[in-house]
Every structure is written in C-alpha cells, then in structure tokens.
Amino acid sequence: MTLIEKINEGIKEAMRSRDQIRLETLRMLKAKILAVDARATLPDMEVVKLFKTYFGNLQEALDQAQMASRPDLIEQLHKEIEIVQEFLPKPLSSEEVKKIVEQAIVESGAKSKKDLGLVMKAVMKVNSTVDGKQAKDLATQILPD
C-alpha cells in the first residue's frame, strides 16, 4: 500500500471516528501531494520529501507558538506533528548518522569545514532520510577549521 493510499484510508477512518484534527491534518497532507501532482501518482520517496518539508514547517510553527505562550496552539501542533510522523520513516540513531557522516567525509575527501557542502551532498546521496541539521552539526564537529 502506497503512502497516498494510506492517507486516503486514514481520511476515511478519521471521518468515521469524527477525529477532526486527524482529518484536517491528513487532508492537508493529501493537498500537499495534489499540489505537486494532480493525479496523486507520486512515488513514495517524493511524498516523503513533501511530508518532511511540512513536518519542518510544523516544528517551526510549534517553536513560534511556544515563544508566544499559546498553549491551545501548542497542543494542536503536537497532535499534528505526531500524525505526520506516522508517515515519515523512522529517524536514524545518532550512531548511525555519525557513521554515515564519517563515510561521507572519506568519500568526499573533505579536509576542513570549507568542504562542508561536499560532505552534505555525499551524506544525502548515501541516505536521504538523514536529518540534515544533525548531519551538519556532526560534520562541523568532526572536520577541522
């Protein structure tokens, strides 16, 4: 079952159970897909990229809601983030990310922090599910100035 089919099934279930937040979130995910491909025939990897972007937007909105002390909005955003995470691949452990970053440094031949772009390109080529921020932080720690 593709991610698009899972979302359609989730929408039906949310409508049956009258779970409004879940329904709205799943509809938003479907709208993200349809905005890119009106026939909803995107491969799962492309769908995951769209969802990661939306996930990042939700996290940014959560940070802003926390700074503005909006508990009602914070609760809703937490629920939306949980729903979106169901459709994202499981995050890698910090040890796995470190191995990927070290491998990318060797493959790219990076010698200093000036070569960070090469390292990040190699990281994403090896494994596109790596959290970019985490990989960048690790690479800057490993690489000399």
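Helices here are DSSP runs of H or I with at least four residues, numbered from the N terminus, and by that numbering Ala40 sits in the loop between H2 and H3. Keep in mind that this is a predicted model.

- Phe51 belongs to helix H3 (residues 44–67), while Phe87 is in the loop between helix H4 (71–85) and helix H5 (94–108), so the pair ties together parts that are 36 residues apart in sequence.
- Both Phe51 and Phe87 are buried.

**H3 against H4**

- The crossing of H3 past H4 is left-handed.
- On the H3 side, the contact is made by Phe51, Tyr54, Phe55, Leu58, Gln59, Ala61, Leu62, Ala65 and Gln66. H4 brings Leu73, Ile74, Leu77, His78, Glu80, Ile81, Val84 and Gln85.
- Sorted by class, this H3 and H4 contact comes to 12 nonpolar, four polar and one charged residues.

**H2 against H4**

- From H2, the residues involved are Ile21, Arg22, Glu24, Thr25, Leu26 and Leu29, and they meet Gln76, Lys79, Glu80, Ile83 and Val84 of H4.
- By class, the H2 and H4 contact holds five nonpolar, two polar and four charged residues.

- Val48 is in helix H3 and counts as buried, at 12% relative accessibility; buried means under 20%.
- Setting aside residues up to four places away in sequence, Val48 touches Leu3, Phe87, Leu88 and Pro89.
- Going from Val48 to Glu80 takes you 32 residues along the sequence and 16 Å through space, C-alpha to C-alpha.
- Phe55 is in helix H3 too, and its relative accessibility of 13% makes it buried.
- With residues up to four places away in sequence left out, Phe55 touches Ile81, Val84, Gln85 and Leu88.
- Phe55 and Lys133 are 78 residues apart in sequence, with 14 Å between them in space, C-alpha to C-alpha.

**Further along the chain**

- Ser112 is in the loop between H5 and helix H6 (116–126). Despite being a loop residue, Ser112 is buried, at 14% relative accessible area.
- Leave out its neighbours within four places in sequence, and Ser112 is in contact with Leu143, Pro144 and Asp145.
- Ala135 is part of helix H7 (residues 132–142) and is buried, with 0% relative accessibility.
- Ala135 is in contact with Val97, Val101, Met120, Val123 and Val130, again leaving aside neighbours within four places in sequence.
- Between the C-alpha atoms of Ala135 and Ile11 there are 34 Å, and the two residues are 124 residues apart along the chain.

**Loop residues with positive phi**

- Arg18 has a phi near 60°, which is a positive value in a residue other than glycine. You'll find Arg18 in the loop between helix H1 (3–17) and H2, where it is exposed, with a relative accessible area of 74%.
- Ala40 has a phi near 55°, again a positive value in a residue other than glycine. Ala40 is partly exposed, at 23% relative accessible area, because that label covers the range between under 20% (buried) and over 50% (exposed).

Notes: Residues numbered from 1 in each chain as written. Predicted model: local features only at pLDDT ≥ 70, side-chain atom pairs only at ≥ 80, totals over all residues. Heavy atoms only, no water. Helix = DSSP H or I, 4+ residues; strand = E, 2+ residues; numbered from the N terminus. Buried < 20%, exposed > 50% of the residue type's maximum accessible area, 1.4 Å probe, protein only. Left-handed = near helix turned anticlockwise from the far one by under 90°. Contact = heavy atoms within 4.5 Å. Nonpolar A, V, L, I, M, F, W, Y, C, P; charged D, E, K, R; others polar.
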